[in-house]
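Dear colleague,

Please find below the structure that I am handing over to you. My notes on its side chains follow directly after it.

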Amino acid sequence: MSHDFPTSKHETRIEDVPPKRNRDFADLLHALFAVLVGAAVILFSIYLHGTTSGVESDVRSAGHVVSWLMDVPTSLLQQIAIVFITVSVLIQLLIAKEWLQSVVSAIALILGFAAIWGISALISGSGNGTLIMSMMSNGTSVGTGLLPDFYAAMASFLTVAGPRRTRSGTKWGWNILYTVAVLFVVLSWNSLSGVLVSFAAGRALGMLIRFMLGTQTNGAWGNQVAQALRSIGIDVASLSRRLATYTDSGMLKTTLDDDLTENSRIYDAIDVDGHQYTVSVLDNQVHMAGYLNQLWQWVRLTGVSMRRDRSSFDAIHHHYAMILGLQNAGLTMPGVYGVADSSESSILVFHRDHMPLECNPNTMSDHDMELFMTYLSEAHRHGFTHRRITPETLSRMENGQPVIAGWQNGDYGSAPPNYALDKVQLLVLLGALNGIDRAIACARRTWGDEQLIDLAPFIQKAAVPAATRALSTCDKHMLNTLRSRIAALAPQEVADSMETVTLSRFSFRSFIAIALLVVAVYVVFTQIQPAEMIKAVKEANIAMALVCVLFGLLAWFGSAMTLGCFMDADKRNPIGLYCSQMASGFTAVSMPAGVGPAFVNLQFLRKSGYRNTAATAIMSAVWAVQGGTTIILLLLIGIFTGRNTLSGMIPTNTLILVITIVALVISAAMAIPPVRHIVTEKYLPIVKSYARSLINVLSHPKELAFGILGALILNISTGLGFWIALMAFGCHTNPVETTFIFLLANTLGSAVPTPGGLGAVEAALSVAFTAVGIPSTIAVSATLVYRIAFYWLRIPMGAVAMKWLDRHNLI
């Protein structure tokens, strides 16, 4: 089917910039998908070995029709395939003068071999017999040759040499590789799992290399753009590429010249009659960044619909339809001419003399704000919603009329939550630019109190676009103030029953909670030894074991006391303080000892109203007081009891070597002028500011005294807790010496970066007390009882406390 396009009878003057290589975010998406496929195959091989074996058996059974291939030397077939694919693709690249791509493709092939050898070595070294056997085949062996390597090498090579849609050599290379893979699985030369993992590894590596290198844009350029314009009735006399600076919003670049089309190319066009046009060209390749952003909004938000335009054609055609629809509704919109598609680009054409201009927020009057609100309400009245109102969308036409630009991410036939989201975005933006009081007053006059009150549950961080949140005046405090001011307009019974609408599908807080839960479940099911623990508890004196648990509760009181003494009285919540220390028991199962409590303390302080610097200073003061108290307690007990355990448990040579190496590295780094300048000019002021805040916190004698008292309660309670655990097995020891040995061993064991010092603390305590004469069976049993009371029981108790804190917005 042919198309007859209008041809120009005159010479067209075209000024364009040759296309450059661009990083396609789709490559990252495909690399991630390949990694997930490889991981899924490995998990299936481990946990569903019977299923994968059955599938592999079915494939081989179906392969009896090609049993004659058993006589073909498989190594020869493999070599022929590799040579043919490599040579044919490289020749095509060299003929096309793609020198860089041919070199990088060859490097990708080598890296593909190296990557699969490394993965094979890792799997072989894992010791998992089920996994190793599922990857084994007649053509592979344990070690670096466990997985068939040429699939990964060829997949990496072809991915970098591609894409297959533009190069026939690459397309036929993939077809040959797939055919060889099927044959080798049928002939039992390779395992199905091994082939899939090898393919996934090569594909992921190739996609990452391709992303870093960039791919050639295959969109419409120069004369192709002019030809596309002629197809919609514009006989181009002049076409010039505009190299203006765009508004950079993360990975999306926009300008009002084409109504904020994301990542587009802008051309100025003049036809033979002198009419001027602004031509916006959007390539499929660069549109992927906008598509990923749409996907992120769709995943991040719940209860509101978001657009997902998979191609530049979808995005431009929808943008065109939105402009026409809003014009039909009577709203002032950019003067759009039409749409044309060419190659992998979609083109949107505007009349240049009817485009919005930037709006200066410093000259925005109350009347202007009311006009923006009225404009949005009129769009809503016809079912249109914007869904991404940011500072750059506030614009004016040439006559000064305020308009909202950039409707490409919006839609029609919208639901009520989308209307509320639009109004919240506009209200927050105007409040950040011109003050909360002015924005609320304008909204009351324009939307009315009833509509304004309905917006209060939607005023939250998740509703506000990142570009608005980047404004210096827009922060959590501002959102809270705006929400409370609007809620105050409602009757008391309505305000009391008002609840925040859940917009965010997940947050950083929920992600951390899920991550901690996953790690906690893993630790519990892989490290817990129920038989030994039950045996230790049965042999112990139950009353003493319960006393050990009570000392664990008292230790929480001590740590809460230390934290609370450095907080302001009006921000000190006794129950919240104690629960925050309980919650650290839950984080200890998924974080190294000491890290979990510090993390919880920092979050608790932030939620209690402290800014980052003050919260970090208080948290550090707590850590300094507790650590300093532990060290002083160890030294005092060691001096007065005559114990030399301190010097015997720390290898002096190792300690000196570590200190020397650290000093050497710091000295060498500071001897380099650029490094020294960076440290002194960038990081030293931050350290000084932090140190001043820390000294200020520690400079109050009364608070410091209570903090030390709390740290003493914490240390003594934990030490006596272990002494009670020994008493539970009839072992009577000196409580002071027991506390000393316990604190030393526990401190050393906790330094190992395992969750809560798991394994290291048990080993340190058992060895330390056995070394001072405690029978090993009693030392091990007492250690288990102590860890049950001070570690395992704290997990469920900490989880309950964390839930309470979360419900009261304290973590």
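I95 is exposed, with a relative accessibility of 66%; here buried means under 20% relative accessible area, exposed over 50% and partly exposed in between (1.4 Å probe, protein chains only). This residue lies in helix α3 (residues 74-95), where helices (H or I, at least four residues) and strands (E, at least two) are DSSP runs numbered from the N terminus. Together with V83, V87 and I91, I95 makes a nonpolar surface patch of about 380 Å². Patches are made of residues with over 30% relative accessible area and no salt bridge, with like charges joined within 9 Å and nonpolar side chains (Val, Leu, Ile, Met, Phe, Trp, Tyr) within 5 Å. The accessible areas come from the Shrake-Rupley method with a 1.4 Å probe, and for residues only the protein chains shown count as cover.

Please note that this is a predicted model, in which local features need pLDDT of at least 70 and side-chain atom pairs count only at pLDDT 80 or more, while totals for chains, interfaces and linings use all residues. Residues are numbered from 1 along each chain as its sequence is written, and side-chain values use heavy atoms, with hydrogens and water left out.

Aromatic contacts

A search of the whole structure finds eight aromatic pairs. Rings of Phe, Tyr and Trp (its six-membered ring) pair if their centres lie within 6.5 Å; planes under 30 degrees apart count as stacked, over 60 as edge-to-face and the rest as tilted. One of the pairs is formed by Y178 and F199, which are tilted at 45° between the planes and 5.8 Å centre to centre. This pair links distant parts of the chain, since Y178 belongs to helix α7 (residues 168-186) and F199 to helix α8 (residues 192-213), 21 residues apart. Y178 is partly exposed at 39% relative accessible area, whereas F199 is buried at 14%. Both residues also belong to one aromatic cluster with Y151 and W174.

F384 and Y412 form an edge-to-face pair, with 75° between the planes and 5.9 Å centre to centre. F384 lies in the loop between α12 (366-381) and β12 (394-396) and Y412 in the loop between β13 (402-404) and α13 (416-434), so the pair ties together parts that are 28 residues apart in sequence. F384 is buried, with a relative accessible area of 9%, and Y412 is partly exposed at 45%.

Two charged side chains are also placed over rings. The charged end of R241 sits over the ring of Y267, 6.0 Å from its centre, and K423 lies over the face of W447 at 5.3 Å from the ring centre. A charge sits over a ring if NZ of Lys or CZ of Arg is within 6 Å of the ring centre and within 35 degrees of the ring normal.

Salt bridges

The count comes to 14 salt bridges, each being a side-chain nitrogen of Lys or Arg within 4 Å of a carboxyl oxygen of Asp or Glu. Among them, D257 pairs with R242, the closest N and O atoms being 2.5 Å apart. D257 lies in the loop between β6 and β7 and R242 in the loop between β4 (236-241) and β5 (247-249), 15 residues apart. D257 is partly exposed at 27%, while R242 is buried at 18%.

A salt bridge also joins R445 and D366 (3.9 Å, N to O). It links helix α14 (residues 436-446), which holds R445, with helix α12, which holds D366, across 79 residues. R445 is exposed at 51% relative accessibility, and D366 is partly exposed at 30%. Salt bridges that share partners join R242, D257, D268 and R352 into one network.

Backbone and cysteines

Most residues other than glycine have a negative phi. D259, which is not a glycine, has a positive phi of about 60°, and L260 likewise has a positive phi of about 60°. D259 is found in the loop between β6 (252-254) and β7 (265-271), and L260 is placed in the loop between β6 and β7. D259 is buried at 0% relative accessibility, and L260 is buried at 5%.

The search of the whole structure finds zero disulfides, a disulfide being a pair of cysteine sulfur atoms within 2.5 Å. C442 is buried at 0% relative accessible area, and C548 is buried at 0%.

With kind regards
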